[in-house]
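Here's a quick briefing to read with the model open beside you. Have a look at the structure first, then work through the points below.

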Amino acid sequence: MRIPIALAALLCAALTAAGAQKPVAPVPKPVPPSGITGMKGMPGMQADTGKPAPVAKVPADTNPMDGMQMSGMGHGGMSMPIPMPPGMPMMPGLVGLVPSVSSFLPGAGVDPMSLPAVKASSVARLKDGDTLDLTAMLVRRTVRGHAFVMYGFNGEVPGPLIRVPQNATITVRFHNRIDLPSTVHWHGLRLDNKYDGVPDITQAEVAPGGSFVYKVHFPDAGVYWYHPHVREDIEQPMGLFGNMLVDSPDRNYYSPVNQEQALMFDDLLVHADSLIPFGRESPDFALMGRVGNVLLVNGETHYALNAHAGDVVRFYLTNVANSRTYNISFGGAQMKVVASDQSRFEHEAWVPSVVLAPAERYVVEVRFDHPGSYALVNAVQAINHYKGEFEPEVDTLGTVTVSGSAAAPDFSRQFATLRSNAAVSRDIAPYRKYFNKPPDKKLTLTMQSTALPLATVQFMSIDTAYFAPVEWVDGMPDMNWLSTAKEVRWILRDDATGKENMDIDWHVRQGSVVKLRIFNDPKSFHPMQHPIHLHGQRMLVVSRDGVPNTNLVWKDTALIPVGSTVDLLIDASNPGAWLLHCHIAEHMGAGMMAVMHVDPR
Amino acid sequence: MILEKVGLSIGRRLSVAVVVTMLAGPTGPFDIPLFATPSVPAARGVARLVYASSPFGVAVTADGRARYDVQVTASGLPAPEKLGAFNSYVAWEVTPDLDKWVRLGTVMNGKSTVGQAELNKFLFVVTAEADSTASKHAGPTVLHGTSPSGWLQSFLTHPLFRGVY
Ligand SMILES: [Cu+2]
């Protein structure tokens with residue numbers, strides 16, 4: 001057998017780029033006679049279809065060079081148990097491989113028909129001192145006609161929308177009735193550290209059957225969300241997320257609107273009639289994070305809203321997807337952005353679309369000025385890595401149907417005005433003197449990999465001449481699926497000490513203002529954008545790539561594109577041990593987190 | 001294994017070439033090395049793409065294309081008059097087939113910021129022009145480069161995928 005010279009060059013480049021690592025195809029686990037590995041008897045599958053689970057065929061010969069035998073490769077009847085993008089071939093060298101983890105789906109074989117059907121999100125209007133019982137439980141969800149065992153808070157997806165006045169404190173009695181340990185993290189809230197929901201840092205995991213009582217305090221108006229902080233890569237996409245709306249006492253906090261809607265964006269990875277299982281021991285899809293092929297708004301495949309002509313609707317947008325960054329618009333309807341994670345913007349702005357990275361929130365006001373239907377779309381530029389070309393991709397997530405009757409009241413005049421929020425600028429004013437100080441802390445974002453399949457290493461090494469600052473879709477789900485947290489390590493590296501991830505043990509004083517410079521190194525094996533989230537504090541994105549930000553807003557999550565340098569100014573106001581991490585669930589699961597201690601004054 | 005021996009021996013010889021190629025490439029998704037032309041062989045320049053101002057983490061169009069301001073650093077450009085009946089240098093965003101030219105702004109020696117570039121892949125071209133407000137290019141090209149996205153590789157005909165298409 002001869003190896004083509006070009007292929008040898010590829011191999012060489014792979015070895016060069018991968019440095020000391022020795023790429024080898026993962027050796028498949030012992031195969032049951034059926035040829036099904038880790039997929040057999042997949043729980044969560046619809047009980048009444050009787051169709052078999054997708055099959056990952058494993059070659060009998062585990063020679064690591066198998067992936068390089070090109071001749072005769074191709075269709076060959078080997079089915080990849082994950083969906084590939086339309087028209088996209090799977091890589092021959094990956095045929096037959098499976099991730100180095102065993103598979104997990106909720107419910108361990110429970111018949112979905114024996115479970116309660118999921119309910120739509122209810123609104124829990126609570127006031128200071130109120131108590132809410134929040135139970136993570138198994139539910140039956142039907143997606144594209146197939147019933148699956150999934151999770152929900154109180155049987156709802158999204159979980160109850162908690163609506164409270166600013167400065168309220170509520171008690172939440174959390175009950176874990178799912179088959180994994182869990183906790184609840186109150187994303188974006190500057191609350192008491194011991195209720196932050198981070199296992200091993202602020203509390204112990206809540207075992208299945210266990211409970212935990214949270215005191216949840218809401219010091220800032222805005223839109224927040226809650227989700228587990230244990231195996232987010234599984235528990236979030238399976239349905240454990242909900243919004244929190246914190247109302248300001250100021251009646252003019254936002255402009256008047258005809259309706260308000262909270263939209264939670266999520267995606268689910270489904271192949272034929274099955275959910276794609278998760279890695280049991282550690283996350284799979286560790287390179288890019290799990291990018292679903294079924295896009296959901298509030299857990300539904302098609303969001304629907306009715307409005308009157310001229311209605312102004314305020315949308316609270318939250319991205320709860322594991323990895324996908326969205327670019328959202330409403331069929332050309334005029335849209336202004338008014339707020340983000342933890343505050344309003346200094347200045348409202350007209351926008352053609354909203355870029356929403358995982359865990360980010362934006363509040364937009366949209367006017368539907370004429371009767372008809374407006375498509376809620378996610379419109380992005382995908383990269384076809386096989387052709388080396390960009391390809392526009394548009395997913396319609398829902399429809400706003402606008403009737404011929406006119407909006408009442410008519411808020412068109414208020415909508416036409418872009419407000420400047422002096423209160424926000426006043427709140428930020430004391431921090432301006434720190435904007436140009438040298439960074440107190442510097443982080444570099446990078447990754448390391450070992451033992452990825454050879455074909456993956458070859459491909460990635462050749463294709464690193466260009467990486468998109470933001471990868472909007474997963475153009476290589478085969479490679480992504482086969483990468484787990486065992487092979488991939490995502491890294492936050494402290495420039496000053498060289499320490500990485502949980503070895504970083506920052507201490508800052510309560511009341512200090514910390515300038516954190518984050519550089520997303522494009523020269524790693526697979527660079528990618530990272531939405532970096534800091535728990536329990538608030539921060540400003542003061543500059544991107546040296547360009548000062550002239551329209552500030554308080555954030556808890558900031559998108560760091562590949563190759564970018566972003567300066568964050570952290571208001572370290574809240575004492576405790578706080579996690580700083582990438583909010584791509586699989587990146588965090590592959591190590592990308594650190595702790596910042598805010599030591600009490 | 002013959003396979004491994006052949007692959008690795010060729011691999012060692014080729015590894016130097018690969019390293020050199022990688023060093024000559026862009027240093028990130030935002031850097032455009034600019035090349036001179038016979039019109040002005042001494043011209044030098046680099047362009048850096050920075051996201052245009054946006055309330056979001058990245059600035060994009062409604063269909064998801066990045067919107068960039070282009071920070072140009074140039075040197076060695078003579079007074080435009082030296083090249084003929086010209087009075088300025090103008091930067092253009094040009095489709096890779098050279099079909100469509102969009103004016104981005106004027107460029108001088110030193111630093112200039114022009115914008116916005118909005119194409120997925122484009123050529124960045126600086127020409128001498130008779131009119132600094134020119135909306136159509138007419139004069140000679142003095143600097144040019146390719147957007148970093150132009151480095152995207154096609155694997156269609158690659159041995160890795162032989163037999164797939
Ligand atoms: Cu990340």
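Predicted model: local features only at pLDDT ≥ 70, side-chain atom pairs only at ≥ 80, totals over all residues.

Residues are numbered from 1 along each chain as its sequence is written, chains are lettered from A and ligands numbered from 1 in the order in which they are written, and side-chain values use heavy atoms, with hydrogens and water left out.

**The two chains**

- Chain A has 7 helices and 35 strands, where helices (H or I, at least four residues) and strands (E, at least two) are DSSP runs numbered from the N terminus.
- Of its 601 residues, 65% count as buried; buried means under 20% relative accessible area, exposed over 50% and partly exposed in between, with a 1.4 Å probe and protein chains only.
- Take the contacts in chain A (heavy atoms within 4.5 Å) between residues at least 6 apart in sequence: 80% of them join residues at least 24 apart.
- Chain B comes to 1 helix and 8 strands, running α-β-β-β-β-β-β-β-β along the sequence.
- In chain B, 47% of the 165 residues count as buried, and 60% of the contacts between residues at least 6 apart join residues at least 24 apart.

**The copper site**

- The copper ion gets its protein donors from H530(A) (ND1), C582(A) (SG) and H587(A) (ND1), at 2.0 to 2.1 Å.
- Donors here are N, O and S atoms within 2.8 Å of the metal (3.2 Å for Na, K and Ca); water is not among the atoms, so the site may look incomplete.
- Along the chain, the donors are spaced H-x51-C-x4-H.
- C582(A) counts as buried because its relative accessibility is 0%, and H587(A) is buried with a relative accessible area of 0%.

**Domain 1 against domain 3 in chain A**

- An automatic or database domain assignment sets the bounds: domain 1 (112-247), domain 2 (259-421) and domain 3 (430-450 + 487-599).
- The C-alpha centres of domains 1 and 3 of chain A lie 26 Å apart, and their contact takes 18 residues from domain 1 and 22 residues from domain 3.
- Between them the two domains bury about 1400 Å², 58% of it on carbon and sulfur atoms; that is the accessible area (1.4 Å probe) the two parts lose on being put together, summed over both.
- On the domain 1 side, R190(A), N193(A) and I201(A) lose the most area to domain 3, together 40% of what that side buries.
- The count between these domains is 1 salt bridge, meaning a side-chain nitrogen of Lys or Arg within 4 Å of a carboxyl oxygen of Asp or Glu.
- The side chains of D571(A) and R190(A) meet in a salt bridge at 3.6 Å, N to O.

- The peptide bond from V157(A) to P158(A) is cis, with omega near -10°; P158(A) sits in the loop between β4 (146-153) and β5 (161-165).
- Another cis peptide bond runs from A408(A) to P409(A), with omega near -5°, and P409(A) is in the loop between β24 (389-406) and α3 (412-416).
- A108(A), not a glycine, has a positive phi near 45° and is exposed, with a relative accessible area of 67%.
- D545(A), also not a glycine, has a positive phi of about 50°; D545(A) is buried, with a relative accessible area of 16%, in the loop between β30 (538-544) and β31 (547-548).
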